[in-house]
Amino acid sequence: MNNLNKNYWENRYTNNQIGWNIGAISTPLKTYINQLKDKSLKILIPGAGNSYEAEYLWNKGFKNVYVLDFAQQPLVNLKNRVPKFPQDQLLNADFFALSNNFDLIIEQTFFCALNPILRQQYVEQMHHLLKPKGKLVGLLFNFELTEEGPPFGGNETEYKSLFKNKFKIKILEPSINSIKERQGKELFFIFESL
């Protein structure tokens, strides 16, 4: 990941070219978070953007949440919305350079924003960042992978093949409660680190 990518993402936020931003937490992730009981979970949201997921978690009492983005602006946006969010849990960094351990990582439009040539590296890094039996949970786009993007698509067969050596695939199925614009285009998943 070079500085060109960092500038690319910074410019997208500066110019408000953030069509993936739905302005709230997505329904599938809200539903998943609502059933979590352990408020001490150490949670990472990588490529978090404006991170409505982190705001929702914080307001539900999860205080061990880390937000990572290559671009500074979305982290500033989150801090403006949630002033008490700890500055040291806002990580303006390269995901692939991060070294830490988490119980849960939430995936929301980060995987699909990466160039597909980085997908195997993504799997390796996610496995590295999760504690044994830690969970990677979120949404993956379910449409044909094209050379144009982001977002970049994929399908269930590809995802199973990609993740199966590092994760137990607990759930990978069409999302039943996606927002209207994404209905039929998202897969909800829960992968457990081996």
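Start with a pair of charged side chains: Arg119 and Glu158 meet in a salt bridge, with N and O 2.7 Å apart. Arg119 sits in helix H5 (residues 119-129) and Glu158 in helix H6 (residues 156-163), so this pair ties together parts that are 39 residues apart in sequence. Arg119 counts as buried, since its relative accessibility is 3%, while Glu158, at 25%, counts as partly exposed. Keep in mind that this is a predicted model.

**The other salt bridges**

Side chains of opposite charge can pair when their charged atoms come close.

Take Lys131 and Asp103, whose side chains meet at 3.3 Å, N to O. This pair links distant parts of the chain: Lys131 belongs to strand S5 (residues 130-141) and Asp103 to strand S4 (residues 102-108), 28 residues apart. How exposed are the two partners? Lys131 is partly exposed, with a relative accessible area of 32%, and Asp103 is partly exposed as well, at 25%.

Then there's Glu192, which forms a salt bridge with Lys133, the closest N and O atoms being 4.0 Å apart. Glu192 is in strand S7 (residues 186-193) and Lys133 in strand S5, so the pair ties together parts that are 59 residues apart in sequence. Glu192 is buried, with a relative accessible area of 10%, whereas Lys133 counts as exposed because its relative accessibility is 61%, and the cut-off for exposed is over 50%.

Which residues are linked with Lys133 and Glu192 in a network of salt bridges? Lys135 and Lys170 are the other members.

| Salt bridge | N to O distance |
|---|---|
| Arg119 and Glu158 | 2.7 Å |
| Lys131 and Asp103 | 3.3 Å |
| Lys133 and Glu192 | 4.0 Å |

Now for a pair of helices. Helix H2 (residues 27-34) packs against helix H3 (residues 52-59) at an angle of about 25°, and their axes are 11 Å apart. The crossing of H2 past H3 is right-handed.

What does each helix bring to the contact? From H2 come Leu29, Lys30, Ile33 and Asn34, and they meet Glu53, Tyr56 and Leu57 in H3. Sorted by type, the residues of this contact are four nonpolar, one polar and two charged.

Notes:
Residues are numbered from 1 along each chain as its sequence is written. This is a predicted model: local features need pLDDT of at least 70, side-chain atom pairs count only at pLDDT 80 or more; totals for chains, interfaces and linings use all residues. Side-chain values use heavy atoms; hydrogens and water are left out. Axes are lines fitted to C-alpha atoms, for helices over the stretch in contact, and angles run from 0 to 180 degrees between N-to-C directions. Helices (H or I, at least four residues) and strands (E, at least two) are DSSP runs, numbered from the N terminus. A crossing is left-handed if the near helix is turned anticlockwise from the far one by less than a right angle, and right-handed if clockwise. Contact means heavy atoms within 4.5 Å. Ala, Val, Leu, Ile, Met, Phe, Trp, Tyr, Cys and Pro count as nonpolar, Asp, Glu, Lys and Arg as charged, and the others, Gly among them, as polar. Buried means under 20% relative accessible area, exposed over 50%, partly exposed in between (1.4 Å probe, protein chains only).
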